[in-house]
Amino acid sequence: MNPRETKINRWIEQNRNREDVLMEWVKRMPKGGDLHQHFDGSLLTENLISSAVEQGLWVCMDDFSVSRQPQVEKQWKHLPELFQSADWENIHECLLRAWSIKDFDATRNAADEHFFGIFPKFFDVIPGYTEAGLLETKNRCLEEKVTYLETHFENFPAQIENQFLAEISKNWSILAAWGDDLTHEFEAAFQQLQTTNNRSFVENTCNRIQEVHQRLNIDDDRFTLRYLMYVLRLLPEHLVFEQMYLAFLSCEISELLVGINLVGAENNPITQSDLKLHLQMVSFFKKKFPKVPVALHAGELTQELTERFLHPHTISQSVKAGAQRIGHGVAIEWEWNEEETLKIMSEQRIPLEINLGSNEFILGIKPEEHPWRRYLKAGVPLVFGSDDLGILRSDRNREVTRFFSQYGGSYSEYKDMALNGILYSFLKDKDRKNQILNQLKADFDTFEKTFEDECTR
Ligand SMILES: [Zn+2]
């Protein structure tokens, strides 16, 4: 630790209770890499609402979900008409509350249900807002001094029905839960999917993302964005397998698509019942596509949920299945083999992506309950994640300020996370990675020097 860092650590120690002072300072601080962020959940809700109006979508007045097509059985209204009406201010407010955690009332709804129920409501806005959303994402990163972002961006459509796969996968979930080795069946399914059609479909997707990425000048000398393909683990078994295949293939082909993740609430009964199956699939595909990295959501559970579920030790299992980064990991202390899991994560340099604000809202985890220090003490690298800042109505400056004020974190600990966000990124271009890392180190040097100048003035 350099002497300047020591001084800043001491300054934070003295100013922990002054959130406004810390916040002003944090705004100028380099943030490095953000390795856990969801594209759709991070977009500003106000922007999504404006775009829904511009796209001429329809809104269901019962639950404020939008659609391209009004459905007869519910009460649907045309957004552009509502926008012109005297009632718009009120409707806008209802949309904000339905699509984010604004004014959330915990006595009336469960936080996790409200949160995970939001995504389908604005799902139809995203295709028409993707390009503007990418620019919004980049601008927010620049404003908040994030130089590298990996975003959970896209998945492959789930409706490519394959009769053979549907048939062969019928008992997979049960067999995997009993510990059966399904390699043989997976191999047969894999051969079925190795078609020129699938390959060109994947190539087209990669090309489309590449074209938009370049045309919008997303990458420049101050910012780099890479994409994670995600698999929706709530789908039927054969569709998860198919989506996973397409996702792995795309990450093998494309420079910009750098890794895989599985999404879907961990306390969903399907996530739970199919957990062993999904992890066996991950291990299988990792052998087929050894160069494609995998990060997994695991341990995003409370103590109650961990103890109630059939397969509670999700972090330990995800690590054993080959996850190269773990997202959330809150449940570590309630898992059966905490010590062994932490040891593997430390030895194999498998970082934990912490998502503090998100854990506070969805899981109700208080700052003093969060296990980030357990990981740190065990030698596990930490990286920063912002998860879904749009829905959470937060920003990185606030998240980092609270890391100091509420979580008792030090400047050195944050700086390590920021640097780890580059070191443990899945960025393929090694030269670019080094360039970003060196730039970040230089930014921190300047930042620390400025701090010293201001303090000694
Ligand atoms: Zn996430």
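Predicted model: local features only at pLDDT ≥ 70, side-chain atom pairs only at ≥ 80, totals over all residues.

Before I point at anything, one term: when I say helix, I mean a DSSP run of H or I with at least four residues, and helices are numbered from the N terminus.

Let's start with the whole thing. The protein has 24 helices and 11 strands. Its radius of gyration is 22 Å, close to the 23 Å that the globule rule gives for 457 residues, so this protein is as compact as a globular protein of that length. Out of the 457 residues, 45% count as buried. And if you take the contacts with a separation of 6 or more, 80% of them are between residues 24 or more positions apart.

Now, the domains. There are two in the division used here: domain 1, which covers 3–42 + 127–447, and domain 2, which covers 45–110. Their centres, taken over C-alpha atoms, are 30 Å apart. How many residues of each are in contact with the other domain? It's nine from domain 1 and eight from domain 2. On the domain 1 side, α8 (130–143) and α21 (389–392) each supply at least two of the touching residues. The largest share of that side comes from α21, with three residues.

Is L389 buried or exposed? With 23 other C-beta atoms within 10 Å, L389 is buried, because the cut-off for buried is 20 or more. Setting aside neighbours within four places in sequence, L389 is in contact with S42, S394 and D395. G421, 32 residues away along the chain, has its C-alpha atom 18 Å from that of L389.

Next, the inside. The largest nonpolar core has 118 residues, and those with the most contacts inside it are M244, A247, F248, I260 and M281. Which helix gives the most to this core? That's α13, residues 237–253, with 10 residues. The core also draws at least three residues from each of the two domains, domain 1 and domain 2. Let me zoom in on I260. Not counting residues up to four places away in sequence, I260 touches L228, M229, V231, A247, F248, C251, V292 and V294.

On to the sheet that I'd like you to look at. There's an open sheet of four strands in the order β1-β5-β6-β7, with parallel pairing. The edges are β1 (32–38) and β7 (257–263); each has a single partner strand, so one side of each is left without a neighbour in the sheet. Neighbouring strands here are turned by 25° against each other on average, ignoring direction. Between β1 and β5 (residues 146–154), which run parallel, there are five bridges. One you can find on screen is G33, whose bridge partner in β5 is Y148. And here α13 turns up again: this helix packs on the sheet, touching β6 (224–232) and β7, and the direction of α13 makes about 160° with that of β6.

There's another parallel pair to show you, β8 (residues 295–298) with β9 (residues 325–328), joined by four bridges. Across that pair, A298 stands opposite H328 in β9. In β8, A295 and H297 point one way while L296 and A298 point the other way, and all of them are buried.

Last stop, a few loop residues. Q348 lies in the loop between α18 (338–347) and β10 (352–354). With 12 C-beta neighbours inside 10 Å, Q348 counts as exposed. Q348 is 24 residues from Q324 in sequence, and their C-alpha atoms are 8.6 Å apart.

Then there are F64, with a positive phi of about 60° although F64 is not a glycine, and D103, also not a glycine, with a positive phi of about 55°. Where are they? F64 is in the loop between β2 (58–60) and β3 (66–67), and D103 is in the loop between α6 (88–99) and α7 (111–122). F64 is partly exposed, with 18 other C-beta atoms within 10 Å, while D103 is exposed, with 9.

Note on methods: Residues numbered from 1 in each chain as written. Core = buried A, V, L, I, M, F, W, Y, C linked by C-beta atoms within 7 Å. Domains from an automatic or database assignment. Contact = placed C-beta atoms within 7 Å. Rg over C-alpha atoms; globule rule 2.2 N^0.38 Å. Pairing = 2+ DSSP bridges. Axes fitted to C-alpha atoms, helices over the stretch in contact; angles between N-to-C directions.
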